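My entries follow in the order I looked things up.

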Amino acid sequence: MFNRSKMIMRVVLPLLVITATLFYFISINIPSAASTRVVHSILTSTPTPTPVQEARPTTVNIALTTVDQKNHLTPQTPVTFGNGSNLLPQTEITVDDHTTYQSILGFGASLTGSTVWEMEHELTPQQRDALMKQFFDPVHGIGISLLRQPIGASDQDAPGETTPYQYCSFDDNYGIPDDSTLSHFSIQHDVAAHTIDLLQQAMRLNPQLHIVAAPWCIPHWMLTYIGGSRTLNPAYYALYAQYLVKFIEAYDSQALHAPIWGIIPQNEPLYSYANFGDNMTAEQQSVFIANYLGPLLKQQHLSTNIL
């Protein structure tokens with residue numbers, strides 16, 4: 001009898017253990033009624049969409065200028081931005097004013113030699129003032145806020161100033177090499193042409209105007225040939241830095257000031273048409289800026305930015 005009971009226990013006891021184990025695992029994996037209701041609610045509920053902000057109606061004023069000169073900033077019928085509900089999908093533009101990227105300093109042009117000459121010789125003072133107001137006044141004009149001004153001549157110069165055979169830099173030195181003290185440096189050309197007068201008038205019309213200066217023309221006696229290309233002679237890096245700083249100081253020393261916000265060591269590097277073939281490579285400019293122009297600006301306590 002004892003042996004029979006012992007045999008039954010050997011068979012039944014493992015079955016009881018297996019049954020208890022299975023019951024335990026089933027019980028911990030079956031969700032409760034409360035959790036079941038939560039899951040059911042999540043699976044069956046409709047997500048609440050994020051509301052799309054409607055575009056605020058904005059009226060835009062339009063001015064038209066045409067090549068045939070029949071329109072000169074002629075006011076057109078204003079247009080109003082809407083929510084785009086009546087437009088085809090392919091014409092819809094979505095603007096998210098909460099997402100920002102790089103900031104924009106300004107938009108503008110340049111008061112080159114040819115522009116200044118036309119304004120001085122082809123317009124009456126009243127017409128010139130009206131034009132300047134249309135250009136620079138942010139309220140009654142288009143509010144130009146950035147100018148790229150030539151340091152010396154450019155490819156858009158006044159009649160009779162075809163470069164590089166006439167006026168080119170602010171220290172041409174009459175073609176004589178090595179003005180080591182920059183004793184012949186002068187911005188008198190820009191003073192006589194009334195370039196600085198117009199810049200000062202522009203700044204009065206728009207105090208937020210930024211002037212960025214760029215040389216199309218390096219003084220020719222500072223140039224040499226390296227690798228078959230004409231470029232700034234490394235022996236003149238220090239003197240060229242002095243030349244650019246002298247320009248900044250000369251413009252700022254005028255009666256009403258024409259401060260230079262930023263300066264570029266060379267206009268459009270490696271594009272010969274836009275710098276009269278005085279090509280400076282990126283490596284050359286890096287050395288020039290780091291070792292000569294940057295330290296000199298700091299030494300002279302000038303806040304002009306290098307671009």
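**Entry 1: the sheet.** I started at strand 7, which pairs with strand 10 in the parallel sense over two bridges. This is a predicted model, so I read every value as computed from it. Within that pairing, V212 has G262 of strand 10 as its bridge partner. I then turned to the pairing with strand 6. Strand 6 (residues 146–150) runs parallel to strand 7 (residues 210–214), with five bridges between them. There, R148 stands opposite V212, and Q149 stands opposite A213.

**Entry 2: cover over strand 7.** How many residues of strand 7 are buried? I found five of five. In a regular strand, side chains alternate between the two faces of the sheet.

**Entry 3: N267.** I moved to the loop between strand 10 (262–263) and helix 8 (282–299), where N267 sits. Is N267 buried or exposed? Its relative accessibility is 1%, so N267 counts as buried, the cut-off being under 20%. Its side chain makes a polar contact with the side chain of R148, at 2.9 Å. Beyond four places in sequence, N267 touches R148, A214, P215, W216, A274 and N275.

**Entry 4: helix 3.** I listed the buried residues of helix 3 (residues 113–121): G113, V116 and M119. Down the helix axis they fall within an arc of 135°, so they line one face of helix 3. What does that buried set pack against? I found helix 4 (125–136) and helix 6 (195–205).

**Entry 5: Y243.** I ended in helix 7 (residues 237–252), which holds Y243. Y243 is buried, at a relative accessible area of 0%. I set aside neighbours within four places in sequence and listed the contacts of Y243. They are I151, S169, F170, D171, L182, F185, C217, P219 and M222. I also checked L182 by C-alpha distance. L182 and Y243 are 61 residues apart along the chain, yet their C-alpha atoms are separated by 7.2 Å.

How values were computed:
Residues numbered from 1 in each chain as written. Predicted model: local features only at pLDDT ≥ 70, side-chain atom pairs only at ≥ 80, totals over all residues. Heavy atoms only, no water. Helix = DSSP H or I, 4+ residues; strand = E, 2+ residues; numbered from the N terminus. Buried < 20%, exposed > 50% of the residue type's maximum accessible area, 1.4 Å probe, protein only. Contact = heavy atoms within 4.5 Å. Arc of directions from axis to C-beta. Polar contact = N/O pair within 3.5 Å; in protein donor to acceptor, adjacent residues only side chain to side chain. Pairing = 2+ DSSP bridges.
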